[in-house]
Structure formats: structure tokens, C-alpha cells
Amino acid sequence: MTEKTALFFKERNIIPKDTSVYDLALTHPSCNNENNTKHQDYERLEFIGDSVIGFVTADIIFKTHPNLDQGVMSKLRSHLVCSKSLASLARQVELFKYINIGHSITQEQLKKSDKILEDVFEAVTGAIYLDLGLEVASKYLHQFFQPLVDEFDPDDIIDPKTKLQEDIQAEYRDSVRYNLEDEYGPAHDRTFVVSVSFNNIVLGKGIGKSKKAAEEAAARDALSKRSI
């Protein structure tokens, strides 16, 4: 383990026992071609790390929000452990500085790749779990996910169309209807205007560059009016 990598773990109050597992966690598969090796990279660690992240995140959500139902908890977990989210966390701690890559990948490509950064975040978690156990891995992940769970807003993970439908069906049995009111612009750059109604009463209107975007905007407009 390099001095720089050792510092990364020290800053997070982690003292590795088996440094070789962390070297693997920070090695991209492209290094195998140049070193004439096989499976000397993070891919297997990524597999176990993914499971540890899923479990610990579920545990944090379950204990932090005792009133959330299963469906919302599942959506929140999916929202937190998706590729984009994990890559963002990897950038937050500048994990890209510690990844060993082959000549086929540039440093700039590495920094921009959500997939690689997600994989390495999972692999590092897997390495911590295998080397030091679940308790230490859990403490490591709490630094990232506890603040996100604490700040959780249901509107962040439930799309406006679903939220509006759930609100309506909490009071009535019928569904809302989306109607295309207008569309304009050239064929390659259309703009759509959509209204959403219930029992022939228009609840909101929205504009978007696709019908779906316009429907979401209409639902968002309806929700904002219902909250007033």
C-alpha cells in the first residue's frame, strides 16, 4: 500500500491489517493486460462491497425513519446506492487519486466515469469488510449515508406523477388524467403542453420538451397547488 493510500484510510480512522486486499480494491482491470495477470483487480471485491453497502444503507434507513413503509424505504435505498450516487461519493473523497489504471485509460476518463468510480467505492467497502469486519465497514459507510438519510425528503425519490396519484387515491378511487393541450416547434425540437385533471377539474398544467416531461411538470404544478 502506498503512503498516499495509507493516508486516505488514516484520515477515516481505519487501520488496515492486510494491505494487499486494498491494493486490489484500487486496481482497475486494465492493469491486467499490462502486467500479464488475471483477476488482479477490484471486480470480485466490488461484488461483496455492493452487498455490504446495500445492507448497511437499509439498516440506517430502517433505524432513522421508523415511520416509513417498505415501499418508500426500498425507493430511498435504491436512490442512495445507484451508480450516480456512489460515483458522487467517490468523487467527494477523491478516490480517483488512488486508483491504479493501465495506459488504455487516461486520468481524465477515470474522473468522468461514474461506472469506474462506483465500482471502486464498492470494492474499497468490500476490502474493509473482509479485512476488518462488518462493524468497521458500517462505521465507514455511516460517514457517507447517515447525513443523506437524515436529510431525506420523500419528494426527492417519488416522481411527481406517482405522488399526485397516491394523494388522489388516498381520498378517492379514481385516477387522474393527462391531456395533451398543445404542441409546437419544429419536428426535431417539439415543446408539449399538458394538463392533468380529476373529475373534469384541471389540477395543473406543465410544459416540457417531451410528453413525459410535460406530464411531470403538470403533476408538480398540481401538487404545489394542493399544498397551498
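Two strands pair if DSSP finds at least two bridges between them, and strands themselves are DSSP runs of E with at least two residues, helices being runs of H or I with at least four, numbered from the N terminus. In this sense E183 stands opposite F192 in β2. The model is predicted, so that local features need pLDDT of at least 70 and side-chain atom pairs count only at pLDDT 80 or more, while totals for chains, interfaces and linings use all residues. Residues are numbered from 1 along each chain as its sequence is written, and side-chain values use heavy atoms, leaving out hydrogens and water.

**Sheet**
- Three strands make up an open, antiparallel sheet in the order β1-β2-β3.
- Because β1 and β3 stand at the edges with a single partner strand each, one side of each is left without a neighbour in the sheet.

**Pairing and turns**
- β1 (residues 177-184) and β2 pair in the antiparallel sense over seven bridges, with V196 of β2 as the bridge partner of Y178.
- The hairpin of β1 and β2 has six residues between the strands, and G185 takes a positive phi near 100° there.
- β2 also pairs with β3 (residues 201-208) in the antiparallel sense over seven bridges, and K205 in β3 is the bridge partner of S195.
- Two residues lie between β2 and β3 in their hairpin, where N199 in the turn has a positive phi of about 55°.

**Burial of β2**
- Eight of the eight residues of β2 (residues 191-198) are buried, meaning under 20% relative accessible area with a 1.4 Å probe and protein chains only.
- T191, V193, S195 and S197 point one way from β2, whereas F192, V194, V196 and F198 point the other way.

Methods
Buried means under 20% relative accessible area, exposed over 50%, partly exposed in between (1.4 Å probe, protein chains only).
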